[in-house]
Amino acid sequence: MLTGSKTTFKVRQMVPDMKERMLSQSGLNARSRDMFGLRCLPGECVLQRAVLVRKKLTAREGGGWLAGTLFCTHFRVAFVPQDIPKPDDNADPVLLGDHDVALASIEKVVAVGPSRTKLVTPNSSLKFTPEELVLYCRDLRVICFLFDRLTPETQAIEITYTIAKTYQPLKPGTVLSFQNAALGSVEMKQFLSNRRKDTHMNWFESAADWEQELERCGAAGWRVSSVNDRFEMATSLPRFNVVPQKVLDTELKKTFAHFNEGRIPRWCWRHPRGSDLLRMASFQNNIYHEKDDIRNLELILFGGLSLCVVVELGEEMPSPADIQLAHSRLRALCLGDLSTSVSVPDDKWLSTLESTHWLDYTRCCLRKAAEVACLLRSGHLTVALQEAEDRDMSCVVSSLVQVMCDPHCRTQLGFQGLVQKEWVMAGHRFYNRVNYHRDNDKEEAPVFLLFLDCVWQLWSQYPSRFQLTEDFLLALHDSVHLPLFSTFLANCQRERCKRTQHLSQSYTPVNGWRDVLPRGSSPDPSDPTLPPVWDWALQYSGQRQARFTQPIPPPPSIKPLLNGNLNTNPDAHRLSDTTPVSVFLLSRGAFSCPANLLPWRSSSSGVYKKSHRRAPSSENVQALERLLKAWALTEYPHALTSNCGPQGPLDPYEPLLPLLLGPCVGVWRECYLRGALHAQAFSHPISSNHLHPVEQLAWEVQQLRDKLALASSKTDANPPAKRAEPRRTDTNLNQNTNNGTFLFPASRPQGLGVTRAAPPPTSINHQTSRGAPPSSAPQSRPSHKDNGGSNKHTFLFGHPSATEARPDQRYYPAPNNTKLPKSNGPSIGS
Amino acid sequence: MLSLGSGGGKSAKPSFVSYVTPEEINSEKDTPKEEKHPDLLPGEVVFCSASTVLKLTQDELSQRGTFGTLLCTNFRVSFISDEETGEETAPLFKNKLYGENDIPLSCVDNIYGGYEDKRKLVTGSQVKNKYPSKIIIHCKDLRVFQFALTFCKEEDAKRIFQGIVHHCLEPKSLKNIFAFSFCENTAFPEMQMQQRTMMFDSAEDWAQDLKRTKGSCRLVTENANFGLSPNLPQYFIVPESVSEADMTLFQGKGLPIWCWSHHSGCALFKTSNLPLQQEDNVPQSYMEKMLTAVAHNYLYSVKTEDLSDTLPTVQDIQLSYSKFKQFFFIDSTTDFWVSDMKWFSSLDNCGWLDIIRQCLQKAMEVVECLEKENNNVLIMEDGGSDLCCVISSLAQLMLDSYYRTLQGFQSLVQKEWVAGGHNFLDRCNQLHLKDKENVSPVFLLFLECVWQLLQQYGPAFQFSETYLTVLSDSIHVPVFSTFLFNSQHHRASILRQADSSHSQRGTLNCPTVWDWSVQFDCKAQQLFINPLYAEKPKLDKSMRRPHRPKHQRQLSLPSATFKTPPKKGFFKDETDSLKKILRVKRISRWMLSPDSPQPSSTSREFYEAWQRKPLDYHGLLLPCLDGPAVRIWMQRYLRWIQEVQIFGGGLVTVLSKVSDLLDEVQELQRQLDRHSSSLTSNHQRPRPRPISAETDSRLSVLLSSSFPFTTLKNNWSYKPAIPTGLLQSLMNSGNLADTEDDDQESLVRA
């Protein structure tokens, strides 16, 4: 359904063509799925192969060169290192190995000969034998293969050709054939459909998911409405939306018309101090405001609180076109391009960086989010993000606010839930913005990548406050460029549901939304089911997934979430005494209350006027501003005086406010500069058998612990009770490693929804409690330990700016950890 | 003398001041009763003071400040707050010589007089028409102070203004530098051997270094009393074949001085250029002779590089730096936001980063000649003691891991800079001479380059970024003999005079800067050590036989090639017989033009070849010099600027976690030991403290990214939490000025 029938036709034509060139009959080896040492996906066939190839490893992979065999299938360019252990036939299929690159993410193929370089296109011919093959990828990686002198010349030429012919740059319709190549086989479909979702994260797909989130945030007064269950109220909204309890569904139905695309104000998140974050599209003008409607509109917008601040995201924020331009400039700057060989002189690098405006845009988003975070923190108001369409910058800002304010969103699973909530379900138009099909360049804009960059900026300033790591952000960044995931291949939940055929025979809407979709989009049985991006095991080995989270959790937060409301003295922040229900506009960093902010209150509608004649005075504007300011100036010293106390700045709900001045924002080197050949020296090759000091340290801690445990078990007559104490931190750590969801040691009282699986705090000192947490990836970490050599991180701790400092101190779980029962259903690691 | 400072602790309320007439205040050391004094150092004398001076914060928004007394002594400008210092949280990183509100006189960079709404640079103590209401002091360590004089008596204000300006800006003689009166009155505990920082003031040190690098050159001791030339160091090393007659010929100019020997046998020499007289053939033939002598050192090959031609001049350096530093002198927070818009491009435009890049690049070329081609290298420069020092010490730092240890680095600075005759006194302008021609932050440039290396290869360095920052600050503390003299000869002659005049006290003994206990206590000195250093060196026996069996518990990367590099030289295979051919560059070629350097392509190859090898933290290190790789030394330049301090974030938190890990390893080790001992004695189980890094890591989160330089208090009180746009709009919205603030009561609207 995602492509028109025309393209599908093309695809079908292509397949036999490929088969002619296939090296092997996949049928023969289909059972073992092992061809020349390459473990193929079901149905995948090897088109070309070259032996004695060396791959240049990036700094992150440890640097240096790796010898092996290069393959080109019609799905990926695969590289199998020489002495890799024989793959296990029974293991689940993995789409991409650690050294593979999907054809779909290749952007350019460049062959480097003895004296020249050439951009290889499907139609071009090579007049020389390439010595080096450089693949430029869309995700800014540059992958470099070096042919040995002993590589047969024909192999080198042929594989270059094959890659150039099959990757099909920018051609509409190639995506589907690519998806078919990867996921189209019967076995693969079966495998995918049997795969179960990771239940540890919130998918926000069912009403229960939303209720769980409401509960986690302690948001009273809100309910989940299923009025949009069949997408008839607003096509781009999810089925379930959170609205104030006081508004009944029947009343709610009437409000949709007042907003662009029917995107009514919806609840996103509640700050523990009792303010709610909403987002909405712009108001629909030219509509008559009935009296009843007005009551409901007000209710939706204010959610029972007396103060609402509308944050206008239109004018100050970069437009999608701006973002696209900035990103393409940044790309050009960071990718030292072999084919054009225009490089920026070193002494002009920073100026050029500035002129891309990319950093300006990240700053802009972060600034807006920080403002909103400050507002929310003051308590007892609703903040409604308003954007014309509510599908781009609203996503960025609302999710950034939550990353800043909510420690849960800084865990891997929490962050995944956040993306589900604010992007996937809220209807960010991933499909158009990423433009996989190359059919609508005007819509293309890497808004989501901008968001990831913003998160990275936060991460680099506060590395110790995140449970997720840069590796995770990178993995997400790269996955966006891979058109395989349902997460990114649709514009809204309705399209996704359509794809998974939930709607196929259910209901035919009167409004004819079917026309919106391309004709012939009825679910094609040949279309593969697309997995969600969060199924990381499809792309990354357990070892690499283990690096998605920090092994040492951020400092524990002592303070529990008291029914989601931390505000001990709400009156201090309550502004409701002056005006009963007031609304302000935050725009360009200042508050105002324009008369027509809410169209139904403006004079033309006339109905509202009588009850609320008094316009909010300027006094109140100042009060608001003072509120913001007071926070900036007074709260910190208070916290300081009690800095030995439990909260201080460690109050987990203090927003992480990013510093946005020039020196504080940086380039995400690990992402943008990892491919640039000249930048590979940022982290130098580390010889393979050395661990980084930090890893070694963590390893040593573990060793000592084991020894200690051994020694103490020898001495102690009654081990359980007595051993517990020295191993206390160990217990906590184990939980962290096992579950991957715990940001906090288990000593923290429960409150966040995600820690629901945590053992009761009383049992932490007890030996037996270590078996309690569900083990999602226990087997990955010990393997880390065994072959630390292949597990090469690159750390640069000497850096002054935190850009490359990575808090990767890794603890390894105690060996007895591996014996934990693998329970609780499927999970990421399994 | 110390009794003078006794009054400091008992601070009175602000109101007391009005009872004291200016005469009383300024009657200098005789009325210590009500005077507020800092804890004066021995030998420190108060020149003038003024009370009810308001020290303003940088935060223009609030115009808050602290009342107190401003003093000018012969060592510093000092501000003593009237407010009780209260709990005194015992700052972890406290300089014993001067506090956070003190400015050593030679640390003053510029003084501005603040008039109503504009400020004017003060150039001399003669004030034409009107005394300013504000003194704005820019310090060389990039602090900015603003003192409002509007509240103190007019005579006081005049006097203190004049006093400060006079003592900070007017030229003075070397004798008046505080070090001399300080050292007269202090007995230093004889440097307690400093764990062997080689001072290179004795023949043994030189001999030892020569032996360490297995060089085969000749140690010259004839200049011990500067009989040969005052321009030469007391002791130095020259190629074997240089005769004594040659040494005296041009007062040491043109004489190749040995810096370092590569393990292959080739060596690095430096020299100062001979005056070029075209008609006269003598210098040229002399130079030719010297070159041959250098070439004789190893395999008859020599490469020369005239740094005066290929690198920026000292004036360029000064110019670029003075532009660069302006970005960091933040009078008010708004300034910073204005500059913020063009932050990156203005960095590019001032060219400072590019100068750093050029120096590192040049050093890399030198390294290439030594390491890859095994040529002898002779670097030369007009004076022979500026860029030569930079390049030779950088090259040694890249090649020799000994110099990346703390002691090694200090020895390197002693060897190349102090003994090598860098004109510290002139370059740093310690005497406040009006003639700024000689002033140039060359040594700082070197530290910048070292910092670049350090940030790229952290684990290779035993010392930390903080160490470098503190060292760069210490240049402007006029106490240390290290930075007070132009050369060893200069030092000797001055000290001799001083000795003769103060013969009763014995020899004058200024501490060197390496005597860190003068400035910091042990705990603070811990911060000089990089916790991630890849190998912990022995504290004694220095690095002479460095490759010990690996006994260190952690952080010990296997160091296969610590001091046996010949086996591992990357380019060893290239030492073929061709090398044996005599390869002296034609002298004419050298004289006429530098070897038309187009290094970028060749040294690029060298770099890439090196990059392909696994990184050995104890082997050769080459810096990456690409655009994004050369960065700002954030800690040094941004540490005082509140706006860019990441509170509870930044690298510090990561490093502190590492320290926690280290502690934990130690703790576990201890427990294990106890266990094993209890195993034998079979006694009651020791009660191991649960290794709670919690409290520590909790504290660590309290640190800001500019730890250890700003104290928490400062940090908190006016951290702008709301980003740019909002705050600016708040400022526009008029006097919303705060009403309550706990630790700073005084509120002023100026």
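Please keep in mind that the model is predicted. Its largest nonpolar core has 351 residues, and a second, separate core has 27. In chain A, strand E15 (residues 307-312) is largely enclosed by the rest of the structure, because 6 of its 6 residues are buried.

**The nonpolar cores**

**Around B:Phe409**

- Leaving aside neighbours within four places in sequence, the contacts of B:Phe409 include B:Phe446, B:Phe463, B:Tyr402, B:Tyr403 and B:Tyr467.
- B:Phe409 is also in contact with B:Leu397, B:Leu447, B:Val450, B:Leu468 and B:Leu471.

**Strand E15 of chain A**

- On one side of E15(A) you will find A:Leu307, A:Val309 and A:Val311, all of them buried.
- A:Cys308, A:Val310 and A:Glu312 point the other way from E15(A), and they are all buried too.

**The partners of E15(A)**

- E15(A) pairs with strand E17 of chain A (residues 582-587) in the parallel sense, over 5 bridges. Here A:Val310 stands opposite A:Leu585 of E17(A).
- E15(A) also pairs with strand E16 of chain A (residues 382-387), in the parallel sense and over 5 bridges. In this pairing, A:Val311 stands opposite A:Leu385 of E16(A).

Definitions and conventions:
Residues numbered from 1 in each chain as written. Chains lettered and ligands numbered in written order. Predicted model: local features only at pLDDT ≥ 70, side-chain atom pairs only at ≥ 80, totals over all residues. Heavy atoms only, no water. Core = buried A, V, L, I, M, F, W, Y, C linked by side-chain atoms within 4.5 Å. Buried < 20%, exposed > 50% of the residue type's maximum accessible area, 1.4 Å probe, protein only. Contact = heavy atoms within 4.5 Å. Helix = DSSP H or I, 4+ residues; strand = E, 2+ residues; numbered from the N terminus. Pairing = 2+ DSSP bridges.
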